Amino acid sequence: MAKIAYFTQDIEQELHEALRVLAEEYPLVEERGGDVHVRFRASGQDGHGYAIRREGNEFVVEYAGLPGALRAVGTLLGLGSEAGESAERTEFRTFGIMLDCSRNAVMKVSHFKGWLRKLALLGYNMAMLYTEDTYKVEGEPYFGYQRGAYTAEELREMDAYARRLGIEMIACIQTLGHLAQVLKWDAYADIRDTEGILLVGEDKTYELLDKIMRHWTDVFTTRRIHVGMDEAHELGRGRYLDRFGYRDGFTIFNEHLKRVVEICGKHGLKPMIWSDMYFRLGSKTGTYYDTSAVIPDEIKAKIPKEAELVYWDYYHDDDKFYRDFIEMHRALGFEPIMGSGVWTWHALWHGANYTEAKAGACVRACQEAGLKEIFFTMWGDDGALCDYDSAMQGLAYVAELAYGGEIDESRIASRFAAVCHGDYQASRLAGELDFFDAPEDRARGTDLPVWAWPVLWDDPLLGLFWTSKKTPERDVWGLAVERFRDLADRLRPWAENPGDRAAGDLRHIALLAEILARKAAMRYDLEKAYATRDKEGLARIAKQVPGLVTLLRQLDGSYREQWLRRNKPFGLEVPQIRIAGLIRRFEELAARIGALVAGKIDRIDELDDVPEKPVGVRPKYRTLATACHPGP
């Protein structure tokens, strides 16, 4: 990484302040003593970007906007004197992220500050922390109880730090659905419609929302706020129905949004909402991406103009679909904000293949459509057990697209090494663990409907995910075993020399790869040996269990170390409980095999209970750990 000396004469105060913050982590010094000497000159142009050129022994950076200047610093850190003459520019006025802090993992303030520094050097200027209930609200002791909720002081600290780097912190919360974690407490029984949805029309609901808006006005500088309101599928169908009778979803939703907007206005806040409910309610199938959805004119007219619509879409790899759906938002009378995705959910490591295919198409479409605001979500569905730091590779990739449109592998690798402290190609390789059905695989018919995270949590005796993916037309699991083994072998070098963990812990993912390779192979061999009652083969499988249990205990320790380094301790109990359960179930498998081999039993019931056809199962931990009821 190059050491950069920058001249302070005539430098703008906000840039000087940002460089001082970045110097906490990066080799930036004032005036002299660097490998590269730089002068900064503001161009006065709109947008964000920079141009680097040589003047004698110095580099001159002419920049538009603080994000452009800091991205130029990232370029120089990566390329040093090899930077030559280069320029990048983005027309996105807002270029940001949204980090899920509601699925157990609540990132520590200190760790998030490291993220902010990296984001600034990649050219980002906005950050959201998605907090359903993981923030403290005065007078609400059960809000975020035992969930690692951010205090007001912590939020103010992050906001102040982000502002020094030119990054706007925007609250991203929920004001209708996705609130099951707080509504489960009896203290909120009066405002519960269904398990996770607030009771619309109840005064106490709006008293709480008033407290919430007052809180965010107090802790964040910006007046923008994301109030959520997505995926409220059961709206009006619980206690609301008992109390008010049946009313159509459009009307209930608009009435609630009107009151939320009024509360925001009272506190000087400008809200945005996820847009899906309007399209779902207008769809005959209740789906979001239904291009035939009809939203009546009278409903359109009642959508509060004070609320901005966020079009979220992480799933399409067709530029045209994004462009068409952007126009459907515009037909509602709104210029949408785009919420794309850097794939971290249902994953153990960031999925480069998915991000590049889907977010890549989204960025191109937004550029073509002239959208000015975009951010990239990083969700944590099913426990937030992805190594979130690995998402830096995806964030670097989409930033490269936004600022230039072309991907130069050597250039992005240099930037990634300097800014994110990671190996770009190793990070992409690790992402194949969950997301190896890349577009090129699908094109030649070699993709597999198998992902790492459900293989990890699939019960070793029940094999619910395993059975759901079996097909007589294709040896899916034979191919999967080969893929897991190949990837584990290719990742093994990083188990011994993982390097810096700032962009993901490669030792951790190499351990996971080895566990998955052994676990999948064991199940594959088990089915064959059990079918023929091959006692020698079964005995060999039982002897493999202690070795796998040892690896699982190492994984438990690795998750603990990774979690406590990055997150508050709340939520750590989830991977610990799951891994402990896996260990016990493998011990049970070995015991049952031992009993069969010894002649004490003549069958293993779980292995005999197999459906004639594959049965679909939602690949979540609770549906893979047991087919029985997990509790009262």
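**Exercise 1.** How many disulfides does the count come to, taking a disulfide as a pair of cysteine sulfur atoms within 2.5 Å?

Before starting: this is a predicted model, where local features need pLDDT of at least 70, side-chain atom pairs count only at pLDDT 80 or more, and totals for chains, interfaces and linings use all residues. Residues are numbered from 1 along each chain as its sequence is written, and side-chain values use heavy atoms, with hydrogens and water left out.

*Solution.* 
- Step 1: the rule gives 0 disulfides. Take Cys-264: the nearest cysteine sulfur belongs to Cys-172, 13 Å away.
- Step 2: check accessibility. Cys-264 is buried (under 20% relative accessible area, with a 1.4 Å probe and protein chains only), at 0%. Cys-366 is buried too, also with 0%.

**Exercise 2.** Work out how helix 19 and helix 20 pack.

*Solution.* 
- Step 1: locate them. Helix 19 covers residues 476-496 and helix 20 covers residues 506-531; helices here are DSSP runs (H or I, at least four residues), numbered from the N terminus.
- Step 2: get the geometry. The axes, lines fitted to C-alpha atoms over the stretch in contact, are 8 Å apart, and the angle between N-to-C directions (on a scale from 0 to 180 degrees) is about 150°.
- Step 3: classify. Helix 19 and helix 20 are therefore roughly antiparallel (over 145 degrees).
- Step 4: look at the contact (heavy atoms within 4.5 Å). Among the residues that meet are Trp-477 and Phe-484 in helix 19, and Leu-506 and Tyr-524 in helix 20.

Key
Disulfide = S-S within 2.5 Å. Buried < 20%, exposed > 50% of the residue type's maximum accessible area, 1.4 Å probe, protein only. Helix = DSSP H or I, 4+ residues; strand = E, 2+ residues; numbered from the N terminus. Parallel < 35°, antiparallel > 145°, perpendicular 65-115°, else oblique.
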